Amino acid sequence: MPNEAHDPYAALRLREYQLYALGNVLGILGAQAQSVAVGWELYERTHSKLALGYVGLVQILPVILLTFPAGHLADRLDRRIVLIASQIATALCSLGLAALSVMHGPVIGTYALLFLAGCAMAVRNPSRAALMPQIVPAEVFSNAVTWNSTCMQVASVAGPAMGGVMLAVLHGAAPVFAAAALTSLAFAAVVSMIRVRSIKRPTEPVTLRSVIAGAGFVYRTKIILAAITMDMFAVLLGGATVLLPVYAKDILKVGPGGLGWLQAAPSAGAFCMAIYLAHARPMQRAGTTLLWAVSGFGAATIVFGLSRSFLLSLGMLFLTGVFDNVSVVIRQTLVQLRTPDELRGRVAAVNGLFIGTSNQLGGFESGLVAQYLTPQISVVAGGVGTIVVVLGVAAIWPQLRRLGRLHEAVVSDTGGAASP
């Protein structure tokens, strides 16, 4: 009801959610700092735009290969144990990157360690996503998604800035990689303290059909399919993040410190929007809002691609974060609340495959186009493509346009989702 009481801090009052959010902040802080260091070191050593695109490629391959087994693990095993083990593996990969940086090892070694880190990420993400409904009641879940995004953006703002400052001050990537390893271990330690409610584990035998059940559920639930598809293609075409080292060094000429701020700007925008969404009344027309938000993401990307001003570029990246956060909150709430608990790991894995594919293959696509055409053409064409995708999704799945309040998207007692 429009007049119902709204507590903007409902999720933050829960101890288990506080631990979950803290762990996410620690993990993302290190991962974002490491991302800056990897991009800068590779471009410094190779002077190749395509080398930056390969970073996305080697990290998406494990997601493609392990999506369905990882989702099945998340539904069969204790999600905390899976999450802890994957964070320890991530820490070991970061330590390997630090050693390789100190020894000036071969670039192929960097890609190999990024591939292994991608394997850990592929296993971790479905369990991390599916764990939250075990610790947060359904009535405050949308609020939890919003605050989760807020906490993640805090880390995503601080992480790149920290990585850029460490690169500039310490003149090397190894300390950044070592710091990322410590944050991964801290994430694992925090998760070990979370108490979760028990859930009904799947009892059917492990078959190909049970492993891919999440994909079948997404296909049948058209409104989820529409939201995920739009996000995937929008980021695949419109993501400019992988080219930020090129913009920082060759176009805007702001160096590693400027790179850190450029990479932090989208997260700063997402943080501001997340704070607003946490305090605002629930969306009344979530579907229309989603379509406009992704269109705004594409438009801001176009202006960034054409910009030669550092401040204008920062502003446009800030806006991409603002619009992207709206998309994230709506999509994650839809996916989690419309999915039965016994399928959440597998559906989260499918969602992760869509999003991971768009992020990493989008990075490869951007690097490839920039290498053989120009970075500006790569970014601007991607922004235009994003707007075209929005128009296509709105036409193919009109039920997305009709989506109203997010709290109505709650899974029914029988395990099905309520119709939009």
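## Basis of the model

Helices (H or I, at least four residues) and strands (E, at least two) are DSSP runs, numbered from the N terminus. This is a predicted model: local features need pLDDT of at least 70, side-chain atom pairs count only at pLDDT 80 or more, and totals for chains, interfaces and linings use all residues. Residues are numbered from 1 along each chain as its sequence is written, and side-chain values use heavy atoms, with hydrogens and water left out.

Helix 1 covers residues 15–46. The expected span of a helix is 1.5 Å times one less than its number of residues. His47 follows helix 1, and its phi is positive, near 55 degrees.

Most residues other than glycine have a negative phi. His104 has a positive phi, near 55 degrees. It sits in the loop between helix 3 (79–102) and helix 4 (107–135). His104 is exposed, at 64% relative accessible area. Here buried means under 20% relative accessible area, exposed over 50%, and partly exposed in between (1.4 Å probe, protein chains only). Lys253 also has a positive phi, near 55 degrees. Its loop runs between helix 10 (244–251) and helix 11 (255–279). Lys253 counts as exposed, at 62% relative accessibility.

## Nonpolar cores

A nonpolar core is a set of buried Ala, Val, Leu, Ile, Met, Phe, Trp, Tyr and Cys residues joined through side-chain atoms within 4.5 Å. The largest has 62 residues. Tyr17, Met132, Val136, Met230, Ile330 and Leu400 touch the most other members. Helix 9 (residues 222–238) gives the most to this core, with nine residues. Apart from it lies another core, of 40 residues, among them Val55, Val246, Ile251 and Leu259.

Contact means heavy atoms within 4.5 Å. Not counting residues up to four places away in sequence, Leu400 touches Ile223, Ala226, Met230, Gly287, Thr288, Leu290, Leu291 and Val393.

Ala394 lies in helix 15 (residues 375–396). It counts as buried, at 15% relative accessibility. Ala394 and Gly287 are 107 residues apart in sequence. Their C-alpha atoms are 9.5 Å apart in space. Ala394 touches Leu291 and Arg401, residues up to four places away in sequence not being counted.

Ser101 lies in helix 3. It is buried, with a relative accessible area of 11%. Leaving aside neighbours within four places in sequence, Ser101 is in contact with Glu41, Ala173, Ala174 and Phe177.

Rings of Phe, Tyr and Trp (its six-membered ring) pair if their centres lie within 6.5 Å; planes under 30 degrees apart count as stacked, over 60 as edge-to-face and the rest as tilted. The structure holds four aromatic pairs. One of them joins Tyr9 and Trp147. It is stacked: 5.8 Å centre to centre, 25 degrees between the planes. Tyr9 lies in the segment before helix 1 and Trp147 in helix 5 (residues 141–170), so the pair ties together parts that are 138 residues apart in sequence. Tyr9 is partly exposed, at 35% relative accessible area. Trp147 is buried, at 7%.

Ile275, in helix 11, touches Trp147 and Thr150, not counting residues up to four places away in sequence. Ile275 is partly exposed, with a relative accessible area of 27%. The C-alpha atoms of Ile275 and Thr146 are separated by 7.9 Å. Along the chain, the two are 129 residues apart.

Lys249 lies over the face of Trp40, at 6.0 Å from the ring centre. The criterion is NZ of Lys or CZ of Arg within 6 Å of the ring centre and within 35 degrees of the ring normal.

## Cysteines

A disulfide is a covalent bond between the sulfur atoms of two cysteines. The cut-off is a pair of cysteine sulfur atoms within 2.5 Å.

For the sulfur of Cys119, the closest cysteine sulfur is in turn that of Cys93. Cys93 counts as buried, at 8% relative accessibility.
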